[in-house]
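Subject: Structure handover

Hello,

Here is the structure for your files. My notes on it are below.

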Amino acid sequence: MILFVLKRLFSAFLTLLVVSVLIFLLAHLAGDPAIAIAGKESTAEDIARIRVHYGFDRPLIEQYFAWCGRALSGDFGRSYHYQQTVSDMVMTRLPITLTLGVSALCFALAISLPLGIFAAIRPNSLIDRISLVIAVVGQAMPTFWFALVMIVFFGLTLRWLPISGNASWQNFIMPTIALGYFATPALMRLTRAGMIDALESDYIRTARAKGLGHASILFKHALRNVMIPVVSVSAVQFGAMLGGSIVIEQIFALQGIGWLSYDATVRSDLPVVQAITLIIAVFYVLLTLAADLINALLDPRIRIG
Amino acid sequence: MTLQRPRTLEVENLNVRFSRSNGVLHAVRDLSFHVEPNEILGVVGESGCGKSMTALAIMDLLSGRAERRVDSLKFRGEDIARVSGNEMNALRGDRMAMIFQEPMTSLNPVYTIGDQLEEVYLRHRDATRTDARTRALSLLDMVGIPAPRQRMRQYPHQLSGGLRQRVMIAMALMCEPDLIIADEPTTALDVTIQAQVLALLKQLQREFAMAVILITHDLGVVARMADRVLVMYAGEIVESGPTQQIFAGPCHPYTQGLLRCMPAASTPGQSGARLGTIPGIVPSLIGEMTGCAFANRCPHAFDDCRHGTIANMAAEADHAYRCLLPAGQSLSNFYETSK
Ligand SMILES: Nc1ncnc2c1ncn2[C@@H]1O[C@H](COP(=O)(O)OP(=O)(O)OP(=O)(O)O)[C@@H](O)[C@H]1O
Ligand SMILES: [Mg+2]
């Protein structure tokens with residue numbers, strides 16, 4: 001187990017290293033950062049001064065290490081546009097996006113696990129059909145459109161829910177549903193297929209031959225095996241939701257990381273874009289790591305190779 | 001003695017069917033047989049003849065797609081054909097247990113050996129975890145697993161196929177059942193391991209004084225292990241009787257063919273004697289069967305074999321076969337006609 005954890009930590013570290021190099025390089029390839037800072041109406045001298053001031057004249061490798069060193073200590077520099085440190089900006093936005101992501105994932109799991117399990121126990125039943133419809137609609141319908149429909153219906157017509165801002169927990173309800181529904185089809189079909197496979201497996205036949213009851217067969221013997229791929233895919237879906245939240249946060253004016261990244265990109269606010277990209281990348285890596293560790297706990301074949 | 005005790009199992013007209021798009025597939029047709037307490041009943045036949053379906057039907061473990069019909073299914077004198085799911089669950093694992101063909105996949109990969117052994121004892125006995133552990137340890141020891149304490153904490157993937165099958169045997173024995181159904185318990189194992197596992201099974205059968213249905217397609221195994229034999233063909237029993245009688249004087253041409261196909265070097269009692277091939281193909285199991293199922297491959301078949309129903313004939317008291325030929329069609333006779 002310890003060896004397994006060390007291996008996973010090492011590969012996570014390598015991934016982050018590569019990602020950080022890419023983020024650093026991409027930002028520099030995207031255009032001359034000095035021009036972005038100076039603005040369109042600046043003179044050549046201004047730009048040259050800025051270049052020296054920010055260290056853009058030094059070799060790339062040197063700039064990379066300097067950037068990494070500062071990033072590790074939480075210093076991502078100052079925003080070019082707002083008179084604030086990048087870390088302050090990010091830290092006020094991050095909780096909003098994380099709240100949205102976690103609640104959206106919980107919503108998706110709360111819908112897809114029970115439906116997937118029940119659909120697997122009774123294939124072709126009414127519930128199976130309903131869950132199929134939910135999955136197909138979820139897959140076919142663009143998230144932004146679904147969000148707009150909800151705004152019109154629950155926000156404007158029924159006036160049940162606030163449609164913008166992040167003042168209270170009610171502001172999170174519609175964004176959570178919109179974002180969570182996006183992850184539901186994949187998780188539901190995976191649960192259903194996994195459950196059907198498990199219920200037809202030899203070890204479930206053994207469990208039945210032992211005279212075990214339905215609950216024990218379903219929840220002790222089958223579910224744990226079904227959860228292994230579900231955990232992996234949940235991690236991937238969570239990552240995808242962090243990306244998807246860019247759109248959702250715009251629609252609901254929920255000023256989280258997604259909203260900030262859009263704003264910073266439009267304004268070519270390079271340090272902010274870099275910091276956000278790096279943070280999202282770190283989250284991806286951490287999610288995969290967490291999924292691997294949870295699965296190692298669930299599945300001894302991973303833990304004891 | 002045996003006369004006073006009710007038979008462990010008495011099956012009357014067991015049918016297993018699958019509804020398929022091209023008709024009804026009869027995997028098992030009108031099977032009637034019994035198992036005495038304390039005996040090993042061998043069941044032989046080619047792949048697909050319905051051995052596993054018979055076993056699963058007795059245990060009521062058929063998948064939802066299969067339909068079971070049976071006139072009566074008496075277990076220790078009580079008809080269990082129409083008992084509730086709960087009553088059947090109470091019997092399974094306790095009074096009747098099963099060992100499967102696939103030791104590699106029959107154990108749940110995510111739970112320890114100990115957990116899976118203890119579970120069945122806790123389910124059927126009013127026992128504490130400690131009792132169950134003690135019981136599991138003693139059984140692992142009994143089935144010849146070295147260092148049982150360590151093994152209890154291990155997971156299935158850490159054990160070889162032979163060890164896993166021993167664990168399955170131990171699991172089947174946890175509650176000292178009256179009947180064990182072993183469906184090709186050694187097919188997936190190496191030849192040397194096969195012999196060990198079979199010897200163990202026989203020894204435990206004597207020790208626990210239980211009935212065993214041993215399904216196999218290895219005639220050598222039958223000869224060495226079984227007290228009585230059922231020979232199955234296309235979902236039917238074509239011959240049944242005491243092992244010695246079947247091997248000394250097989251009456252059904254199919255049984256004769258099977259014995260003829262045993263490798264010459266291997267006398268009954270040696271392992272590794274797999275069924276050879278009899279020319280021809282098994283008839284389709286879909287739809288009703290008229291006449292003898294083996295007629296199209298039988299060297300003795302004549303017109304009457306292809307019509308009506310073929311009744312069981314008695315060769316000796318306990319030895320029956322389903323054929324129109326009189327008993328005593330010897331093997332040498334069979335060789336000549338088939339040449
Ligand atoms: N799910 C199913 N659907 C339709 N037919 C099936 C199904 N399972 C089994 N059968 C049919 O039932 C027949 C009997 O199968 P069974 O598994 O009992 O054979 P077997 O004697 O155990 O063979 P083997 O020696 O290969 O294990 C087979 O001919 C097969 O075609
Ligand atoms: Mg079989």
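This is a predicted model: local features need pLDDT of at least 70, side-chain atom pairs count only at pLDDT 80 or more; totals for chains, interfaces and linings use all residues.

Residues are numbered from 1 along each chain as its sequence is written, chains are lettered from A and ligands numbered from 1 in the order in which they are written, and side-chain values use heavy atoms, with hydrogens and water left out.

Ligand site. Ligand 1 has 17 residues around it, of which Ser47(B), Gly48(B), Lys51(B), Ser52(B) and Met53(B) come nearest (a residue is near if one of its heavy atoms lies within 4 Å). Helix 1 of chain B gives the most to this shell, with 3 residues. Strand 1 (9–20), strand 2 and helix 1 (51–59) of chain B each supply at least two; helices (H or I, at least four residues) and strands (E, at least two) are DSSP runs, numbered from the N terminus. Oxygen atoms of ligand 1 lie 2.4 Å from a polar side-chain atom of Ser47(B), 2.9 Å from a backbone N or O atom of Met53(B) and 3.0 Å from a polar side-chain atom of Glu184(B). Taken alone, ligand 1 exposes 640 Å², and the protein buries 72% of that (Shrake-Rupley method, 1.4 Å probe; for residues, only the protein chains shown count as cover).

Glu36(B). This residue lies in the loop between strand 2 (23–35) and strand 3 (40–44) of chain B. Glu36(B) counts as buried because its relative accessible area is 19% (buried is under 20%, exposed over 50%, partly exposed in between; 1.4 Å probe, protein chains only). Leaving aside residues up to four places away in sequence, Glu36(B) touches Arg7(B), Thr8(B), Ala211(B) and Arg228(B) (contact means heavy atoms within 4.5 Å).

Ser164(A). The loop between helix 7 (143–157) and helix 8 (173–199) of chain A holds Ser164(A). With a relative accessible area of 44%, Ser164(A) is partly exposed. Not counting residues up to four places away in sequence, Ser164(A) touches Asn171(A), Phe252(A) and Ala253(A). The C-alpha atoms of Ser164(A) and Leu109(A) are separated by 25 Å, the two residues being 55 apart along the chain.

Val18(A). This residue is found in helix 1 of chain A.

Regards

Note on methods
A polar contact is a pair of N or O atoms within 3.5 Å; within protein, one must be able to donate a hydrogen and the other to accept it, and residues adjacent in sequence count only if both atoms are side-chain atoms.
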